[in-house]
Structures are given as structure tokens and as C-alpha cells.
Amino acid sequence: MKDSQMDFVCPAPVAAARAGGSPLVALESTLISHGLPHPENIEVARGAEAAVRAAGAEPATTAVVDGRPHVGLEADVMERLATASGVEKAVAAQPSGRAVGRRHAPRRSARQRCRQP
């Protein structure tokens, strides 16, 4: 789903949680792309998302993929980040990666720009 206020991708479960006022927990994709080697990175990311769901909230792992900010990752997108080489860290000066059109794992300052006001 494309959010009408910003050009970011929001998968159906995250969009439903936002629309319904359900709790969302932002998770960083840096762990997937930079923190751990594959396959541990994807296993830890999936485990973190499962723990959030078990606690009654919807996980929203953030990343910039192909120049578009994602708030919540589909399984295939998470797998791409987990196995891709050359994933850069997004920074506040370039939160969407549009200038280079690459995949990014956002830092907190970049994520804050994607927050709902």
C-alpha cells in the first residue's frame, strides 16, 4: 500500500494496524543488512517480529528499498536485504535514497522523517 501523505510502502498488516489504532513497533533493518551474517540475520529479524506479534503489536521493520521507504517489510523484501551486498546506511540528509536509488538500512534520524506527524 502506498501512503497518501508520503511516498512510502506500508504492507497490509501495518496499514491495518495504523488505520485501526493498534500498537506498532518499529524495528531496524540495520540488523538484517549490517549486523549479522546470513542466515542468522534473517532468523533474528523473524524472531524479533514474532516476539512483537506475541506481545500483541504489529512489527514494522523499516528500510529503504529501491529508493522507497518501507514501514514494514514483506518476507521477500526482508530476504533481499538479508542476502544483498552493498546495502548502505540511510542518513537524515538522504533518508529516502532517491538520489542513488539503492537499498538502505535506515538510521534513527532517517526513520523519524517517515513517522506519522
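Which residues make a nonpolar surface patch of about 190 Å²? Leu31, Leu36 and Val44 do. The views below come from a predicted model.

**View 1. The nonpolar patch at Leu31, Leu36 and Val44.** These three residues form a surface patch of about 190 Å². Leu31 belongs to helix α2, residues 30-35. Its relative accessibility is 33%. Leu31 therefore counts as partly exposed, since buried means under 20% and exposed over 50%.

**View 2. Strand β2, covered on both faces.** The strand spans residues 58-65. Of its 8 residues, 8 are buried. One side carries Glu58, Ala60, Thr62 and Val64.

**View 3. The parallel pairing of β1 and β2.** Strand β1 covers residues 24-28. It is joined to β2 by 5 bridges. Ala26 has Ala60 of β2 as its bridge partner.

**View 4. The antiparallel pairing of β2 and β3.** Strand β3 runs over residues 68-71. It pairs with β2 through 4 bridges. Ala63 is partnered by His70 in β3.

**View 5. The hairpin of β2 and β3.** There are 2 residues between the strands.

Methods:
Residues are numbered from 1 along each chain as its sequence is written. This is a predicted model: local features need pLDDT of at least 70, side-chain atom pairs count only at pLDDT 80 or more; totals for chains, interfaces and linings use all residues. Side-chain values use heavy atoms; hydrogens and water are left out. Buried means under 20% relative accessible area, exposed over 50%, partly exposed in between (1.4 Å probe, protein chains only). Two strands pair if DSSP finds at least two bridges between them. Patches are made of residues with over 30% relative accessible area and no salt bridge: like charges are joined within 9 Å, nonpolar side chains (Val, Leu, Ile, Met, Phe, Trp, Tyr) within 5 Å. Accessible areas come from the Shrake-Rupley method with a 1.4 Å probe; for residues, only the protein chains shown count as cover. A salt bridge is a side-chain nitrogen of Lys or Arg within 4 Å of a carboxyl oxygen of Asp or Glu.
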